[in-house]
Structure formats: structure tokens, C-alpha cells
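Trainee: I would like to learn how to read strands, helices and cores in a model. Please start with the sheet.

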Amino acid sequence: MSSSPSTVRVAIIGGGLAGAALLRGLLRYPHIAVDMYESRPAFREEGPGLAINTRTQSILAAIDPDLERCLDRAGAVLTTSETRVACGPHAGRKVEIIGQGAACKKNVGRQAFLTEMLKGVPPRMMHTGTRIVSVTELSPGQGLLLVFEDGSQKKYDVVIGADGTHGFTRQLVLGADESLVKARSTGFWELSIRVPLQRAQQVMGSQYLDPQNPHRVGWIGEGTALIHDLLDNGAEVQIIVFGQTNDVAEEDGQSGPSWAKLFTPEEFREMFAPYRMPVCRGMVELVQSVYTVQVAALCQLEHRPAPTYVTKNICLIGDSAHSMLPFQGASVSIAIEEALILSTLLGRLPSRAAIPAALQAFDQVCRPRAEQATRSSAETGFLVTGRMPGVGLDADLLQQHLLHKWAFLLDVDMDAQQAAANLVMDQLLGLGATWP
């Protein structure tokens, strides 16, 4: 990677959506030379499809106008979203939530979206199958040295950790304290499947599975929750299943939290016995048609709040900074916000000496919002699985608690957020502040 004396050299470690969004944002700035590294053989984004709300779509467009078009090229489905109670005396009742309604979200497969995002990146900037064995700070002002598994080395001015919940970059910022570095169990689990539209219509019915009027419906159950929506231009139906076990085990510091929750088909069927809605029973049947011997779900983990996301030349974004529960889709929304703010701050750098001020400004503005999203996502998890004490499956109480639950994601003023970050950066530079 060639560089002029004024060039800021940036390494993004991790090739998921957060890293890709940041990379696309940095391409706007000619003084930034950026590389993105992924240890796996290909750039991959695993997990259920995304429901991208209109606010996040606008933030994607602010990073790079083509990113919004990437959604459509990836087969995104413009969707009507709603939430209903699946069990108990209020089964079938709709729960009104501000932000849900007609044409309010675009559902898209993670991998399809990532693939489209990276099509706009020069191949020379993307490096797969590249394992980094160490990141070492050089003498003051000389940046960081990355050493790779094959023995090669490269120097960078900034390293961005975007390698996810289990990546190694969190330790670069937070040190050896495993209570901060490692994600912890939450008691929630998740699994998802995708089936052809016609097959899903045969089993679930066609009321909510009309590709001409696509719906994303969340069903609140008794210790569980179900979601169904359409992906791939309406050709596939996605089913997402959540559960809450109430049996979070203490971790011994050696084995760490469990990654999987296993059920026999009989145990899985019993969990959903209270569901009487035909569409819900159809979803359970489809899951069991995929998992015929053992049902395997992924345990949902989250990080404890970090005291900082940055050092003077390393910054964490996305799940590397703040793994959170998936119930509001906040993890991706917040990561995209962070990509916009961080790319803009780095784009404003007058010199390499200003890097610590830019990263500290990012931390001061973005970390409180991510912590709010983490707390809200956990509360939402208990609500949508019918496990919130004093609320349960009461549709009126659920609506009372959920009505404004997404407001902080939908009402964010990104111009104000960006202005606040710019102000912090300018104040630090104007005051001649030094890194503590």
C-alpha cells in the first residue's frame, strides 16, 4: 500500500457489515489509504436477515449513496411490519409500536447485502485468508505494526477493530480483563431458517406471505418468540425463533459461555404447545422439518459495558465494541451510525497527530448511545418473549411498554450527533489536549 507523507493509513480488521460500511465511507477521502482484513477465506456475514428501518437507510445513503441501492440489488423486500401476541387470552391481538406499519422496513439477507457493499471496493483493499498474529505500537508518532501469520508486516496509523463478538481486537483496547473482553451468556437463544415461498405458504398459509403485500410479523409467546418475513425479492420466507431459558450458567473463566442450545424435537415442540395461531404452528412445523434429529440454536451473548472503545490509535466498532441482543435490530443500526461518524472524523484529520482526538471524540459521542441500545435491547427481549415481570402476555401492558421502544433508533438526529463529535474533536485539538 503506497502512501504520501500526508496519507493516513487505516487497517480495518474484520470483514463484516460494520467494517464494510466504514470502508465505503473512507473511500470518499483521498488522504486515507485503507485495507480490510478477514481471517476467513471469504468475506462472510452470518445470521438472520436484517430489517433495515427508514432511518438506517438514510444513514447508509449518507455514508455512500450507493449503499442504499445495494439493498435493492441484494434482493431487499419493502415490508409492512407488525407485532402480535401468540399465546394466552390475547392471542392474535396486535400490539401497536411506533415505527412499525406499512412499507417501514427493507428486509435483506446479510450475506447478499455484504456482497453488494463490497462490489464497490477496489480489490486491492480487501484481503481474505489473512490472519494477524500481533498488533504492536511503534515509537511515538510512528503508528502500529501488524504482523501476519506468514511473517509479513505492515505499518498503519489507525487500526479499526470490526472482527465481531469473538474477535481479538477488543483485547487490544481493553487489555487482559476477561470480564470485559469476553462476551457473557444472557439466557436467550436464537435460530433461523429460510424456506421457499411456496413451501412456506403450504404450511403457514398465505395470509402474511403475499409477495405483493409482504409482511414482517413478530409473535410474542410464552418464553419464546417467532418472526417471519420475506427475503430475496420475495422468493424465500425467513423464520426466526427466539427463546429465553432462565438458566444462565456461571462461567468458569476457562470454557467461557456456551455457544449452542440443543433441544430434542419433542422438547422443541413442547415449548410451542401454547401457540394456537395456525401461522405460528406452521412455523414450528417448518423448523422441525429442517431439524429432524436435534434442534440447534445459538446462545445470544452480550459484552459488559466497556469503559472505552478506543486507545490513541485503535478503535472498536460494531459487535467488537458492544455485542447486544438482537430484539431491536439495534446492533446493525448502531454500527452503521458509528461507521458514518468515524469515517467523517477520520476524513477531517488535519494530520496524523490529530488521530487521538478523532478517536476520543468518537468514543465520547458513540459509546453512550451504544450502551443505551444494549440496555433497551435486553429489556425488549424480555418483553417479546413474554417474560417481563408484571407484563407477561397482556397485550395492553405490552403495548404500553413497547409503543415508544424504538423511538431512540428512529428519531436520532445524525447531523447533531456528527456535529457533537466534530465539536469534541475540535475542542481537543484547540486545547492542545494530550492523550492521558
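Mentor: Two strands pair if DSSP finds at least two bridges between them. Strands (E, at least two residues) and helices (H or I, at least four) are DSSP runs, numbered from the N terminus. This is a predicted model: local features need pLDDT of at least 70, side-chain atom pairs count only at pLDDT 80 or more, and totals for chains, interfaces and linings use all residues. Residues are numbered from 1 along each chain as its sequence is written, and side-chain values use heavy atoms, without hydrogens and water.

Trainee: In what order do the five strands of the open sheet lie?

Mentor: Strands of a sheet pair through backbone hydrogen bonds, either parallel or antiparallel. Here the order is β7-β2-β1-β11-β18, with parallel pairing. β7 and β18 (314-316) are the edge strands, each pairing on one side only.

Trainee: How many bridges join β1 to β2?

Mentor: Six bridges join β1 (residues 8-13) to β2, and the two run parallel. Across this pairing, Arg9 stands opposite Ala33, and Val10 faces Val34 in the opposite position. On the way from β1 to β2 the chain passes through helix α1 (residues 17-26), in a β-α-β crossover that is right-handed. Right-handed means that, with the strands pointing away from the viewer, the path from the first strand over the helix to the second runs clockwise.

Trainee: Which residue of β7 stands opposite Met36?

Mentor: Met36 stands opposite Met126. β2 and β7 (residues 126-127) pair in the parallel sense over two bridges.

Trainee: Are the residues of β2 buried or exposed?

Mentor: Buried means under 20% relative accessible area, exposed over 50%, and partly exposed in between (1.4 Å probe, protein chains only). In β2 (residues 32-37), six of six residues are buried. Ile32, Val34 and Met36 point one way, and Ala33, Asp35 and Tyr37 point the other way.

Trainee: Which residues have the most contacts inside the largest nonpolar core?

Mentor: In soluble globular proteins, nonpolar side chains tend to be buried together. A nonpolar core is a set of buried Ala, Val, Leu, Ile, Met, Phe, Trp, Tyr and Cys residues joined through side-chain atoms within 4.5 Å. The largest one here has 141 residues, and Ile12, Phe113, Leu146, Phe268 and Phe362 have the most contacts inside it. Helix α12 gives the most to this core, with 13 residues.

Trainee: Where is Thr380 placed, and which residues does Thr380 touch?

Mentor: Thr380 lies in α12 (residues 355-384). Its relative accessible area is 0%, so Thr380 is buried. Contact means heavy atoms within 4.5 Å. Not counting residues up to four places away in sequence, Thr380 touches Phe327, Gln328, Leu402, Lys405 and Trp406. The side chains of Thr380 and Gln328 also make a polar contact (3.5 Å). A polar contact is a pair of N or O atoms within 3.5 Å; within protein, one must be able to donate a hydrogen and the other to accept it, and residues adjacent in sequence count only if both atoms are side-chain atoms.

Trainee: Is Arg24 buried or exposed?

Mentor: Arg24, in helix α1, is buried, because its relative accessible area is 4%. Its side chain reaches the backbone oxygen of Met117 at 2.6 Å.
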